[in-house]
Amino acid sequence: MIKKEFLFCLLLVCSCTEEEEQPKPVQWDMKKSTEMNKEMAVEESINIDLYFAQHENWDVKETGTGLRYVILKKTDGAVPKPGMDAKTQYKISLLDGTEVYKTPADELDIFRVDKSEMESGIHEGIKLMKVGEKAKLVFPSHLAHGLVGDLQKIPPLSPLVVDIELIGIE
């Protein structure tokens with residue numbers, strides 16, 4: 001009987017002295033962040049390439065920031081410049097075709113070029129268009145809502161597809 005009590009106490013003491021495993025500190029630095037961002041940018045670029053591979057007949061152009069665009073309807077209209085108000089209609093979708101935002105058919109969206117809170121990909125793209133033109137803009141998440149998304153309909157790290165018409169400028 002004493003032997004059993006001794007063994008029970010020994011087990012109890014051993015189980016109580018076991019140290020809890022401490023979480024290991026995260027080993028993270030600027031180099032790892034940079035590498036991770038590069039990998040994500042490459043992955044987004046591949047996904048955008050796959051999107052355009054489905055439309056081989058489009059004349060796709062790419063800027064140095066990663067914006068890709070196609071002018072679907074060409075005109076000889078005026079080109080918007082920074083500080084001008086652009087009157088547009090647009091539809092914003094994810095690469096899989098999920099529509100996230102759209103200008104109502106009976107309304108115009110007016111924004112000041114390079115001065116409003118629109119996605120920077122739209123600001124860059126609108127300056128490549130002329131009044132009356134329709135275009136498709138596709139840009140990586142760093143020209144849209146980046147790591148966070150818009151906390152509503154656009155998930156984090158989402159490249160966007162924007163079908164946009166430049167109605168006028170003032």
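Is K134 buried, exposed or partly exposed? Some notes on that residue and its surroundings follow.

1. Start with K134 itself. This is a predicted model, and in it K134 comes out as partly exposed, with a relative accessible area of 37%.

2. Leaving aside residues up to four places away in sequence, K134 touches V70, I71, L72 and K73, plus M129, I164 and E165. There is also a pairing across the sequence to look at: K134 and L166 are 32 residues apart along the chain, yet their C-alpha atoms are separated by 6.5 Å.

3. If you want to find the pocket by element, look at β3 (85–94), β6 (134–139) and β7 (160–169), each of which supplies at least two lining residues. By class, the lining has 5 charged, 4 nonpolar and 2 polar residues.

4. Stepping back to the whole chain: there are 3 helices and 7 strands. Reading from the N terminus, the order is α-α-β-β-β-β-β-α-β-β. Of the contacts with a separation of 6 or more, 65% are between residues 24 or more positions apart.

5. On burial and surface, 33% of the 170 residues in the chain are buried. The chain exposes about 11500 Å², and carbon and sulfur atoms supply 56% of that area.

6. Helix α2 deserves a look. It covers residues 30–53, which is 24 residues, and reaches 34 Å from its first C-alpha to its last. That is close to the 34 Å expected at 1.5 Å a residue. Its buried residues are M40, E44, I48, Y51 and F52, so a glutamate is found in that set too, with E44 under the 20% cut-off for relative accessible area. The cover over these buried residues includes β2 (68–73), β6 and β7.

7. Which residues does S93 touch, not counting those up to four places away in sequence? The list is T98, E99, V100, P159, L160 and V161. S93 lies in strand β3, and its relative accessible area is 5%. Because that is under 20%, S93 counts as buried.

8. Two backbone spots are worth checking by eye. Most residues other than glycine have a negative phi. D114, however, has a phi near 65°, a positive value in a residue other than glycine. It lies in the loop between β5 (109–112) and α3 (120–126). D114 is partly exposed, with a relative accessible area of 36%.

9. L151 is found in the loop between β6 and β7. Is the leucine buried or exposed? At a relative accessible area of 69%, L151 is over the 50% cut-off and therefore exposed.

Conventions:
Residues numbered from 1 in each chain as written. Predicted model: local features only at pLDDT ≥ 70, side-chain atom pairs only at ≥ 80, totals over all residues. Heavy atoms only, no water. Helix = DSSP H or I, 4+ residues; strand = E, 2+ residues; numbered from the N terminus. Nonpolar A, V, L, I, M, F, W, Y, C, P; charged D, E, K, R; others polar. Buried < 20%, exposed > 50% of the residue type's maximum accessible area, 1.4 Å probe, protein only. Contact = heavy atoms within 4.5 Å. Areas by Shrake-Rupley, 256 points an atom, 1.4 Å probe, with all protein chains shown as cover. Expected span 1.5 Å × (residues − 1).
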